[in-house]
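Dear colleague,

Please find below the structure that I am handing over to you. My notes on what was found in it follow directly after.

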Amino acid sequence: HIFAPLNMNSTAYQLTEGMRARLVSAHEKNRFGDLESVSVGNYNAIWYGNYGATQCFGGGGNSGLYGSPADYLRLCQMLNNGGTYKGYQILKPETIREMRQNQIGDVVMEWDAPVADPYPNCSPDFFPGMKTKWGLGFMVNPELSAEGRKPWSMAWWGIYNDYFFVDPDSDLCGLLWTCTIPCGDRASLDRFRQFEMMIRNEYGK
């Protein structure tokens, strides 16, 4: 109901032979700041059990899909276009509006919350000084961001520093996938901010 109309042909829970041949290697920044190659499947095994890169992950609803940036961008385009992609209605416009609303009341997302091991787990502060909120499935910013992102845009990120945003009021969405760890790496987040500002300048958004 979602993958087919969005032509997400490179997205699946289990890799085909063709997808496996295009699987990108992940890189880990060690404690000295150098990048080292690491198996995507092996790293996820730390969190979700001993599943190889040829198998599906065992993490549950928060993980498991393999996919390409092009596929994910089509998903973002659908969200940016009121739930429609090339004439096919995936979600109702009112559903998209609800997804962009504050769903956590007065609760504030804390980016400096302590973790058991600060490495490789980092908490990126996307909007320093802003009290970000959570909608239905996404982080939402209640204020205009320094990058120019309009209030109540949708965004989130993945453990491999895979970032995306959807700003319907600017008719703009974008993503930057680095496939690197540790998650929340400051350099990766800075690149994402620079990337967003670059495309905003390019398209006058």
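Of the contacts in the protein with a separation of 6 or more, 51% are between residues 24 or more positions apart. Please bear in mind that this is a predicted model. The protein has 205 residues, of which 42% count as buried, and its elements are 5 helices and 10 strands.

The strands may be taken next. In general, the strands of a sheet pair through backbone hydrogen bonds, and the pairing is either parallel or antiparallel.

Strand β1, residues 26-29, runs antiparallel to β2 and is joined to it by 4 bridges. Within this pair, H27 stands opposite S37 of β2.

Another open sheet is formed by 5 strands in the order β5-β6-β7-β8-β9, with antiparallel pairing. Here the edges are β5 (133-134) and β9, and because each has a single partner strand, one side of each lacks a neighbour in the sheet. Strand β6 (residues 139-140) is joined to β7 by 2 bridges, and these two strands run antiparallel. M139 stands opposite A155 in β7.

Which residues of α3 are buried? They are D71, R74, L75, C76, M78, L79 and N80. The cover over these buried residues includes the strands β3 (84-85), β7 (154-158), β8 (162-167) and β9 (172-177), together with helix α4 (93-99). Just after α3, G82 takes a positive phi of about 70 degrees.

Finally, there is a feature of the surface. I2, F3, Y13 and L65 make a nonpolar patch of about 370 Å². Of these residues, L65 is found in the loop between α2 (40-48) and α3. L65 counts as partly exposed because its relative accessibility is 40%, a value that lies between the limits of 20% for buried and 50% for exposed.

A colleague

Methods:
Residues are numbered from 1 along each chain as its sequence is written. This is a predicted model: local features need pLDDT of at least 70, side-chain atom pairs count only at pLDDT 80 or more; totals for chains, interfaces and linings use all residues. Side-chain values use heavy atoms; hydrogens and water are left out. Buried means under 20% relative accessible area, exposed over 50%, partly exposed in between (1.4 Å probe, protein chains only). Contact means heavy atoms within 4.5 Å. Patches are made of residues with over 30% relative accessible area and no salt bridge: like charges are joined within 9 Å, nonpolar side chains (Val, Leu, Ile, Met, Phe, Trp, Tyr) within 5 Å. Accessible areas come from the Shrake-Rupley method with a 1.4 Å probe; for residues, only the protein chains shown count as cover. A salt bridge is a side-chain nitrogen of Lys or Arg within 4 Å of a carboxyl oxygen of Asp or Glu. Two strands pair if DSSP finds at least two bridges between them.
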